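Work through the following exercises with the coordinates loaded. Each task is followed by its solution.

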Amino acid sequence: MNLLMRAIRFFVVLLFRVTLNLLAMLIRLLLPLVFAALRMLRALVSMSLTATINGPRQFTDRLAAEWTQNLLVMGVSRDHLDETYILCRFLARTMIVLGWVIATLISVAILRIVFGYFI
């Protein structure tokens with residue numbers, strides 16, 4: 001009986017150690033991805049808040065002009081300059097709206113945790 005209990009204990013400890021090692025390896029692999037995602041979310045929210053303060057239309061136009069200029073510097077053809085600017089303006093507006101959505105979701109999550117609303 002004593003030998004059976006030792007074997008069971010050995011396998012339980014072995015399973016526990018393997019599980020902890022796998023968990024540590026998973027955290028080590030996914031932590032840089034989580035930090036990168038958080039940095040991107042912070043950039044989106046800060047860009048949308050900057051657009052809110054400076055006026056969304058002017059900020060969007062200025063950002064699209066900067067992006068279009070950078071694309072021209074990188075060697076994009078000038079044949080479709082208007083379409084490139086329109087695409088950059090659309091992407092800038094989309095990113096600003098996405099930042100507003102993320103900021104709203106974060107605010108709702110904080111209200112839900114702190115005050116217990118929206119349950």
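The exercises below concern a predicted model.

**Exercise 1.** Compare the span of helix H2 (residues 56-74) with the expected one.

Solution. H2 has 19 residues. At 1.5 Å a residue, 27 Å is expected. From the first C-alpha to the last, H2 reaches 27 Å, close to that value. After the helix comes Gly75, with a positive phi near 110°.

**Exercise 2.** Find the buried residues of H2 and state where they lie around the axis.

Solution. Take buried as under 20% relative accessible area. The residues of H2 that qualify are Phe59, Thr60, Leu63, Ala64 and Thr68. Because they cover an arc of only 160° around the axis, they are on the same side of H2. An α-helix has 3.6 residues a turn, so residues three or four places apart point the same way. The face turned away from the buried side carries the exposed residues Gln58, Gln69 and Val73.

**Exercise 3.** Classify the pair of Phe10 and Phe11.

Solution. The ring centres are 5.4 Å apart, with 65° between the planes. Planes over 60 degrees apart count as edge-to-face, so Phe10 and Phe11 form an edge-to-face pair. Phe11 counts as exposed because its relative accessibility is 53%.

Note on methods. Residues numbered from 1 in each chain as written. Predicted model: local features only at pLDDT ≥ 70, side-chain atom pairs only at ≥ 80, totals over all residues. Heavy atoms only, no water. Helix = DSSP H or I, 4+ residues; strand = E, 2+ residues; numbered from the N terminus. Expected span 1.5 Å × (residues − 1). Buried < 20%, exposed > 50% of the residue type's maximum accessible area, 1.4 Å probe, protein only. Arc of directions from axis to C-beta. Phe/Tyr/Trp six-rings, centres within 6.5 Å; stacked < 30°, edge-to-face > 60°.
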